[in-house]
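Let's take a walk through this one together, with a helix and a few charged pairs as our stops. Here is the structure to keep beside you.

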Amino acid sequence: MTITILGIAGSLRGESFNRRLLAAARHELPPGAELAVWDDLAAVPPFDEDAEEAPGEAVTGLRKAVAETRAVLIATPEYNNSLPGQLKNALDWASRPYGAGVLTGKPAGVIGASPGPRGAVTAQADARRVLAAAGALVVPGEVAVGDAVRRFDERGRLLDHDLRTALADLLKALVGA
């Protein structure tokens, strides 16, 4: 049986480094695992408790995608020293209703890439904190791809062996969680 991990890029930009990082993750998946990328982040409306009973198609699609996969892999950029607002918004929707959201008990991992030297480490820490508060089972491991413009080969694979190993280890942890 194939284990599906849902990848969510926190950047809305079509050619973002974090979309590239999710593509690189496909090269490092353990046997029997696949990565399905959810790509409707831009369509998710602002979180609104008044709309929880009938949140709309984008939120319903997000919740369904998370519910139907074994684990979630978030690839986040760093905006103003934190995770992007649209990603936080989607995590808020997925966390509801409180205590029974689709993230409750779901294994989750966080990775990140940035053009700067730190690889979105602060945003990754914030994403881990939000996921844990939502009840996700956040797996240990950090993949921080700094200076991302120079870190991928022409096939979309990470050039750095240590980063590939860290990504492979995190994916194994997601599958085994």
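Keep in mind that this is a predicted model. Start with Asp 147, which counts as partly exposed because its relative accessibility is 25%. Its side chain meets that of Arg 150 in a salt bridge, 3.6 Å from N to O. Arg 150 itself counts as exposed, at 60% relative accessibility.

Now hop along to Asp 153, which pairs with Arg 155 in a salt bridge whose closest N and O atoms are 3.6 Å apart. Here Asp 153 is buried, with a relative accessible area of 14%, whereas Arg 155 is exposed at 52%. Shared partners also tie Glu 49, Glu 52 and Arg 96 into one salt-bridge network.

Next, look inside helix α3, where Asp 92 and Lys 88 sit four residues apart, so about one helical turn separates them. They form a salt bridge with the closest N and O atoms 2.7 Å apart. Asp 92 is partly exposed, at 22% relative accessible area, and Lys 88 is partly exposed too, at 30%. Across the model, the salt-bridge count comes to eleven.

Finish at helix α4, residues 121-133. Its 13 residues reach 18 Å from first C-alpha to last, close to the 18 Å expected.

Technical notes
Residues numbered from 1 in each chain as written. Predicted model: local features only at pLDDT ≥ 70, side-chain atom pairs only at ≥ 80, totals over all residues. Heavy atoms only, no water. Helix = DSSP H or I, 4+ residues; strand = E, 2+ residues; numbered from the N terminus. Expected span 1.5 Å × (residues − 1). Salt bridge = Lys/Arg side-chain N within 4 Å of Asp/Glu carboxyl O. Buried < 20%, exposed > 50% of the residue type's maximum accessible area, 1.4 Å probe, protein only.
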